[in-house]
Amino acid sequence: MKTHRRHFLQGLAAGTAVAGPLWAQPATKPTYRGPNVILIRFGGGARRRESIDPQHSYARHLTQELAPRGTLFGNMIVDLVEFKARSGEKLDSKLNVDTSHAQGTLYLLLGKYEKFRDRDGKFLSENFELKVPTLFEYFRSAFDVPPEQTLIINNENRPQEEYFTFSNHIHFGVDYKAETLSLFRFKLHLYSQQLKDPKLPEAERRRVAKLMRDLEKSLNQEQKNADRQGPAIRDFWNGWRAYYGDGGFVNERGDQLLTDLSLRAMQHLRPRLMMINYTDCDYVHWGVRSHYTDAIRIMDRGIRQLVQFVDHDEFYRGNTVFCIVPDCGRDNNPLADVPFQHHFNSRSSREIFALLFGPGVPKGTRVDKPVHQIQVAATIGQLMGFKTPHTEGPVLEAALA
Ligand SMILES: [Zn+2]
């Protein structure tokens, strides 16, 4: 335990590393020796009541086992108006930011509330333009960390979130991107491998080429240019293909698949900073209550698997911080058949929480004063020892010993 603690402190000391443009950086960046961070989007929209309320939670492992291991922020909110009010700035509540999945993910990764716009100006499209750096870019510009050790684990049905791995910021951007693991990426890899096979029959070649084109339709040119996954990720997909085959029917589905991808990534790629974007709670949009409560149970089980892995793995044990935080809450409408079907920017959809635990995070602590979702980014920067100059939310001091 002592050595882990020492590494952790060395990591903090290394936080003096310079972030910024390539030309302004020292020729060799320091090796990263700080803690690993696993950021879990408790996602698809989850209310406090079904998540952290001991009376009503469907995430019993989270409330009973994990909360005592760390610091729980029970009153985290997603609210630009209140955030500005704290600094004395007045803002019309109509100008508040949206509470939804892509937005919440970006508030976490950028540390800033924003009204995001589609990259190509498409109405209602969520292919958002990122103007300030993501956590991955800060991290990789400060330390010598290869892209495959910074990961986003995504649901294949949300391709609009595939490129939350880098921003357009002039001093950061695609050179510091993270890699994404999702079935979407696996299929792109699989089809390109199949098309390289000279023995592939012509009819099959046409079929696979069409599948590939259909997948690529959701990407713009900039994304296609950025989409070359490195050799470590290609090896990862070759391993996945060898394990599960080409059919795509035998692997898990939904959020359990995200857990499996994350576990396999930890074994083979050793990510230092990984964000897992759980999403299944949102199936309650179909109008079935149990889609939501089952999804919380599945996330809880996934998190248990991840924590067990970390607790028993030599590389991660004693040197890994978990941060579990929803993208947004859900509505609280007692008149509706399913009171939590939506997340329409209501009060309750702005009410979330965050649980951090691991080395350097005080144990068994609960904080009930209001804090903000955008504070998570600066906190992770502080924990890992890199600067986050474009974040707006201050560090969650109570999470740091
Ligand atoms: Zn939704």
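# Close-up views of the predicted model

**View A. The buried residues of helix α5.** In α5, the buried residues are His101, Gln103, Gly104, Thr105, Leu106, Tyr107, Leu108, Leu109 and Leu110. The model shown in this and the following views is a predicted one. Glycine 111 follows α5 and has a positive phi, near 70 degrees.

View B. The buried residues of α6 are Leu135, Phe136, Glu137, Tyr138, Phe139, Arg140, Ser141 and Ala142. Because 8 of the 8 residues of α6 are buried, the helix is largely enclosed by the rest of the structure. Among the elements that cover these residues are the helices α5 and α13 and the strands β3 and β5.

**View C. Helix α11 and its buried side.** Helix α11 comprises 15 residues, 254-268, and its first and last C-alpha atoms are 21 Å apart, close to the 21 Å expected at 1.5 Å a residue. Its buried residues are Asp255, Leu258, Thr259, Leu261, Ser262, Ala265 and Met266. These residues lie on the same side of α11, because they cover an arc of only 165 degrees around the axis. They pack against the strands β3 (150-153), β4 (179-181) and β5 (273-277), and against helix α12 (289-312).

**View D. The packing of helix α11 with helix α12.** The axes of these two helices, α11 and α12, come within 9 Å and cross at roughly 10 degrees. An angle under 35 degrees counts as roughly parallel, which means that α11 is roughly parallel to α12. On the α11 side, the residues that meet α12 are Asp255, Gln256, Leu258, Thr259, Ser262, Leu263 and Met266. Their counterparts in α12 are Ala295, Ile298, Met299, Gly302, Gln305, Leu306 and Phe309. By class, 8 residues of this contact are nonpolar, 5 are polar and 1 is charged.

**View E. The crossing of helices α7 and α10.** Helix α7 covers residues 183-196 and helix α10 covers residues 231-244; they pack at an angle of about 85 degrees, with their axes 10 Å apart. The two helices, α7 and α10, are therefore roughly perpendicular to each other. Phe186, His189 and Leu190 of α7 make the contact with Arg234, Trp237, Trp240 and Arg241 of α10. Classified by residue type, the contact of α7 with α10 has 4 nonpolar, 1 polar and 2 charged residues.

**View F. Isoleucine 38 in strand β1.** Isoleucine 38 is placed in strand β1. This residue, isoleucine 38, counts as buried because it has 26 C-beta neighbours inside 10 Å. Apart from its neighbours within four places in sequence, isoleucine 38 is in contact with Met274, Leu306, Thr320 and Phe322. Although 283 residues separate isoleucine 38 from valine 321 in sequence, their C-alpha atoms are 6.3 Å apart in space.

**View G. Leucine 383 in helix α13.** The location of leucine 383 is helix α13. Since leucine 383 has 27 C-beta neighbours inside 10 Å, this residue counts as buried. When neighbours within four places in sequence are left aside, its contacts are with Pro35, Val37, Val321 and Gly360. Leucine 383 and valine 321 are 62 residues apart along the chain, and their C-alpha atoms are separated by 8.5 Å.

**View H. Two loop residues with a positive phi.** Most residues other than glycine have a negative phi. Arginine 270 is not a glycine, yet its phi is positive, about 55 degrees. This arginine 270 lies in the loop between α11 and β5, just after α11. With 16 other C-beta atoms within 10 Å, arginine 270 is partly exposed. Asparagine 345 likewise is not a glycine and has a positive phi, about 60 degrees. The loop between β6 and β7 (351-357) holds asparagine 345. Asparagine 345 is partly exposed, since 17 other C-beta atoms lie within 10 Å.

How values were computed: Residues are numbered from 1 along each chain as its sequence is written. This is a predicted model: local features need pLDDT of at least 70, side-chain atom pairs count only at pLDDT 80 or more; totals for chains, interfaces and linings use all residues. Helices (H or I, at least four residues) and strands (E, at least two) are DSSP runs, numbered from the N terminus. The expected span of a helix is 1.5 Å times one less than its number of residues. A residue is buried if 20 or more other C-beta atoms lie within 10 Å of its own, exposed if 12 or fewer, and partly exposed in between; C-beta atoms are placed from the backbone. The arc is that of the directions from the helix axis to the C-beta atoms. Two residues are in contact if their C-beta atoms, placed from the backbone, lie within 7 Å. Axes are lines fitted to C-alpha atoms, for helices over the stretch in contact, and angles run from 0 to 180 degrees between N-to-C directions. Angles under 35 degrees count as roughly parallel, over 145 as roughly antiparallel, 65 to 115 as roughly perpendicular and the rest as oblique. Ala, Val, Leu, Ile, Met, Phe, Trp, Tyr, Cys and Pro count as nonpolar, Asp, Glu, Lys and Arg as charged, and the others, Gly among them, as polar.
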